[in-house]
Amino acid sequence: MADTQYILPNDIGVSSLDCREAFRLLSSTERLYAHYLSRAAWYGGLAVLLQTSPEAPYIYALLSRLFRAQDPDQLRQHALAEGLTEEEYQAFLVYAAGVYSNMGNYKSFGDTKFVPNLPKEKLERVILGSEAAQQHPEEVRGLWQTCGELMFSLESRLRHLGLGKEGITTYFSGNCTMEDAKLAQDFLDSQNLSAYNTRLFKEVGQDGKPSYEVRLASVLGTEPNLDSEMTSKLKSYEFQGSHFRVTRGDYAPILQKVVEHLEKAKAYAANSHQEQMLAQYIESFTQGSIEAHKKGSRFWIQDKGPIVESYIGFIESYRDPFGSRGEFEGFVAMVNKAMSAKFEWLVASAEQLLKELPWPPAFEKDKFLTPDFTSLDVLTFAGSGIPAGINIPNYDDLRQTEGFKNVSLGNVLAVAYATQREKLTFLEEEDKDLYIRWKGPSFDVQVGLHELLGHGSGKLFVQDEKGAFNFDQETVINPETGEQIQSWYRSGETWDSKFSTIASSYEECRAESVGLYLCLHPRVLEIFGFEGADAEDVVYVNWLNMVRAGLLALEFYTPEASSWRQAHMQARFVILRVLLEAGEGLVTVTPTTGSDGRPDARVRLDRDKIRTVGKPALERFLRRLQVLKSTGDVAGGRALYEGYAAVTDAPPECFLSLRDTVLLRKEARKLIVQPNTRLEGSEVQLLEYEASAAGLIRSFSERFLEDGPELEKILTQLATADAQCWKGPQ
């Protein structure tokens, strides 16, 4: 059997998202709006398969064929007759549920490959003897022959997502290196093109000279379209001695489905902001224009307090090895009014709380653009995973001048982060009951602060295309050096493009640190309804949770490549290092032996020293993070961040050795079962499923009842068209 690091255990936690009450309260028009947006999101989410690994689209198509012909119970009878044990069949169901849940065969949280935890030859017997194979023998056998080996392979380069020799990616052709990625980013910056909706393909001519295709995601391909601002960009360029060609049409048939359903949603929009937002998204996906998506995002920001909230597009860049290309995601959710009221109070206090942050006023936005901040019950979240909270849009220019929105996903928090005492690792016994009682409430506080005042704070110093600065060069002083500002962002440069591989994790670390820092403020605790001893317990558990998370983060570090695979977890490890460095016994991490005789560890946090030792240490660190970000000081930012992110076996913690202990005692991340919506006549019905691997599979089997075979054909054709591009470096 495979290393446990690369399998999903049979007892993996599975939870169902509960949005029944929020959906019940929607009007029939709101339900239709939510339904068509959800359909658009689910169709677009299929693009993630093509963004993850070469084999993911084929695996998805194979699983979908199997479970369309026989549901999990029916297939079980066949599998047992073929000689599988109950445990082996459950392992297959868990694997299939994992593929659907992550939209591919790599974990969305950690970018590690997972493989079926049963013998390959047994799974082959089940597949080739299945009802699906009897109905379509050539297609099913062809799919198995295409993806069977890769489904099980744990060849070193295939174990993780990454670029070149470091891992597998489909954002870049297999012969691309980090140098190619940097050159392409410089080219994109020079043409004022965003990388968010692109992939990069490299060819080397007979003369040894490379040429690059930058392919934009769009419905349209080479068709002339005189009205589009994109048309002038679609041509060949010479840049720094290399040939670049900008094309479009990536994921075209999938995006066509997205556009069709956004058009249908537009008929049920609640106001002109939503209509114009959807019109611009349609333009963006049709033409391949990020500028149109930005315009849509402007209308989205202006659509304050909608009953049905949504966002869709190429959004988060965590899984691009270079940190610039966005993974497709789309969500649809309904407002949770009780928790939203608390967030509204937090927003009302935001301008005062921003003044508490430890950097000079010149390093804060000129004007705090009051955002929407709501707690939402998710109906649909299509993509590779579901976060606890979101602060979007990610476009720096919009965030600085137009604002943003924050959302906390309440029904996700309720199920994804619930903890059982017997599975609680690395804490002292006396902390466990307190931790279980206050983890949920403290996480609400942390998510609120992280999203609103973490991601929502701080200014970038920019020189625009006309040479004008958005800060006073004469009077603004760098508090770290005592000198005038020496560096800034030029026109076309963004946070992601400049800080590239560390941008996501660095920013998550800054936001997490803001949450820890401001949760000490009495006004914040009052807003969330905590006073006295309860307030102190919330602070303690919030800090303790971060310290524990820093240790758990070691699961996502790859010693062979000296690299981190998950931005949020790297950020939490960095904070653990900062608090350990503060000294005076604030935090200790001690290797121990568990009651089972196996290696274990304990983290301790001295609650009496959080304010006296922890707060000043965090203050110094936060100020440095912000100053380096504001000034675009990449060299200084890398030196600071990568220094803290280094994992060594230096005493007393010996983190490399502790990583083995963390892997030994890790708990798999839960799988989340989401509902479907179905149009019956003129009414939209909510379809819910049991919290099990089989329930998750059924939810996907019923998601594309009308056009499942067509979608599988589209996915495999798109995958086959680029199949020759994924051969790795020689």
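Author: Strands β6 and β7 (residues 327-335) pair in the antiparallel sense, over 8 bridges. Strands here are DSSP runs of E with at least two residues, helices are runs of H or I with at least four, both numbered from the N terminus, and pairing takes at least two DSSP bridges. It's a predicted model, where local features need pLDDT of at least 70, side-chain atom pairs need 80 or more, and totals for chains, interfaces and linings use all residues. Numbering runs from 1 along each chain as its sequence is written, and side-chain values use heavy atoms, with hydrogens and water left out.

Reader: Which residue stands opposite Phe-328 in β7?

Author: Phe-314 does.

Reader: And is β6 buried or exposed?

Author: Buried (under 20% relative accessible area, 1.4 Å probe, protein chains only; exposed is over 50%, partly exposed in between). That goes for 9 of the 9 residues in β6, residues 308-316, so the strand is largely enclosed by the rest of the structure.

Reader: Zooming out, how many helices and strands does the protein have?

Author: 27 helices and 17 strands.

Reader: How much of the protein is buried?

Author: Buried residues are 60% of the 730.

Reader: What about contacts between residues at least 6 apart in sequence?

Author: Counting heavy atoms within 4.5 Å as contact, 75% of those join residues at least 24 apart.

Reader: What box do the C-alpha atoms fill?

Author: Roughly 70 × 70 × 60 Å, along the principal axes.
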